[in-house]
Amino acid sequence: MKLVVFGLTISSSWGNGHATLWRGLVRALAARGCKVVFFERDVSWYAQHRDLAEPPGAELILYSDWDSVRGLAERHVRDADAAMVTSYCPDARAASDLVCERAVQALFYDMDTPVTLSRLEAGEAVDYLPAQGLDAFDLVLSYTGGRALTELKRRLGARRTAPLYGHVDPQTHRPTAPRERFRCALSYLGTFAGDRQATVKTLFAEPAQRRPDLRFVLGGSGYGADFPWSDNIWFMDHVAPPDHAAFFSSSALTLNATRRDMAAMGWCPSGRLFEAAACGTPVLSDAWEGLDSFFTPGREILIANDADDALAALDLGETELAKVGRRARERVLDEHTSSRRAHELLTLLSSRTTGPAAETGLARGL
């Protein structure tokens, strides 16, 4: 099978969560004999932070503007078994016109569904959506399950929907030797986002202030002087994907903080959640609907509503935390690998129709 993708980026993990997910998925698809061609606009901010110029499993085509690549894109789409446009693709509308007109199977993958629906609800323009909605696509995939699938049909006219959740590549994310610069009692890896900073402050910064005897590590871009820093918080403005396994493996506990729209919508697990668990690192997370379909609270993941909960998790002790991390890793390897998502995607592509049972099963988090 040949799949053509018009996406945000696969070459740079700087300031976005798309790249790491695509790297794992295309590697898994390639292992199943699939060819993936990924079109990415060559923008300066990703060019300056490009950490994978030749992604394994994918032919990467960088282009300066749509007109310069239109002919090549059309040839690849005509030759493909399926073609996909993703959210935040800079040329999503032009690519959607091409894909819906020329592809054997036309797909749209909204990797930011809660943001999409929230912006529509607020009356904002969503520039990566076709003006006519999503009804021209054969299949609309969503990073988010649950009621988001119904909303994509109701608000945007999607005819067939299915979730394609986050995942992890166990070849990349696995237990590894700790590094002193990452070693800490609690870590958090994530770029600055205003709508999740209340969670980060409550579950990360406040515990750091209350436990000056412990070391805390924060990795991610965009944090400024107004963040509630304390002397025991060590900061790194970028942790490259090759260092993620060591980052998590050096943490006694790591925080998962969910963006507001994702938490409100539910059924939207962060890729970082699976990355950490695959490293055998116990995860402390805020609560949201559907989380218990991916991990069992109290057994495979720890849930915190306030700083006291976070401090209680920190005080569980090394042995108990290690048990939580082991169980989470086992769950990830069973259900949340890139190979599992590749299988789900190919199963969806192999059938033009989706029965109620199949769609309901996926929505529960296959």
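Visitor: Which residues line the second largest cavity?

Guide: In this predicted model, the second largest cavity is lined by L189, F248, T254, L255, N256, R272, L273, A276 and V283. The elements β11 and α10 each give two or more residues to that lining, and the space inside comes to about 50 Å³.

Visitor: What makes this a cavity, and how many cavities of 30 Å³ or more are there?

Guide: A set of points is called a cavity because a 1.4 Å probe fits there but cannot get out. The largest cavity has 14 lining residues, with T191, G220, H238, V239 and R272 nearest its centre.

Visitor: Why is the largest pocket called a pocket and not a cavity?

Guide: The term pocket is kept for an open set of points, whereas the probe cannot get out of a cavity. The largest pocket has a volume of about 770 Å³, and of the 35 residues lining this pocket, N16, G17, T191, R196 and R259 are the closest to its centre. Two or more lining residues come from each of α1 (18-31), α5 (113-121), β8 (186-189), β11 (254-256) and α10 (271-278). The lining of the largest pocket comprises 17 nonpolar, 13 polar and five charged residues.

Visitor: How do you know that S142 is buried or exposed?

Guide: S142 has a relative accessibility of 0%, and since buried means under 20%, S142 counts as buried. This serine lies in strand β6 (residues 139-142), and its contacts beyond four places in sequence are Y109, D110, T113, L149, L152, A162, P163, L164 and Y165.

Visitor: What makes the pairing of S142 with T144 a polar contact?

Guide: A polar atom of the S142 side chain lies 2.6 Å from the backbone oxygen of T144, and because the cut-off for a polar contact is 3.5 Å, the distance of 2.6 Å falls within that limit.

Visitor: What about α5: which of its residues are buried, and what covers them?

Guide: The buried residues in α5 are T113, P114, V115, T116, L117 and R119, and what covers them includes β5, β6, α6 and α9. After α5 comes G123, whose phi is positive, near 80°.

Visitor: What are the accessibility classes of Y88 and W267, and how do you know?

Guide: With a relative accessible area of 34%, Y88 is partly exposed, because this class covers values between the 20% limit for buried and the 50% limit for exposed. W267, at 14%, is buried, because its value falls under 20%.

Visitor: What makes a group of residues a nonpolar core, and which residues have the most contacts inside the largest one?

Guide: The members must be buried nonpolar residues joined through side-chain atoms within 4.5 Å. The largest nonpolar core has 33 residues, and F6, F39 and L134 have the most contacts inside it. Among the elements giving two or more residues to this core are β1 (2-6), β2 (35-41), α3 (66-79) and α6 (147-156). A second, separate core of 31 residues includes V26, L29, L107 and L141.

Visitor: How do you know that V69 is buried or exposed, and what is it in contact with?

Guide: V69, found in helix α3, has 4% relative accessibility and therefore counts as buried, the limit being 20%. Leaving aside neighbours within four places in sequence, V69 is in contact with F39, I61 and Y63.

Notes. Residues are numbered from 1 along each chain as its sequence is written. This is a predicted model: local features need pLDDT of at least 70, side-chain atom pairs count only at pLDDT 80 or more; totals for chains, interfaces and linings use all residues. Side-chain values use heavy atoms; hydrogens and water are left out. Helices (H or I, at least four residues) and strands (E, at least two) are DSSP runs, numbered from the N terminus. Buried means under 20% relative accessible area, exposed over 50%, partly exposed in between (1.4 Å probe, protein chains only). A polar contact is a pair of N or O atoms within 3.5 Å; within protein, one must be able to donate a hydrogen and the other to accept it, and residues adjacent in sequence count only if both atoms are side-chain atoms. Contact means heavy atoms within 4.5 Å. On a 1 Å grid over the protein atoms alone, a cavity is a set of points where a 1.4 Å probe fits but cannot get out, and a pocket is an open set with protein on both sides within 12 Å along at least five of seven lines; lining residues have an atom within 4 Å of a point. Grid points are joined across faces, edges and corners, and a volume is the space filled by probe spheres set on the points. Ala, Val, Leu, Ile, Met, Phe, Trp, Tyr, Cys and Pro count as nonpolar, Asp, Glu, Lys and Arg as charged, and the others, Gly among them, as polar.
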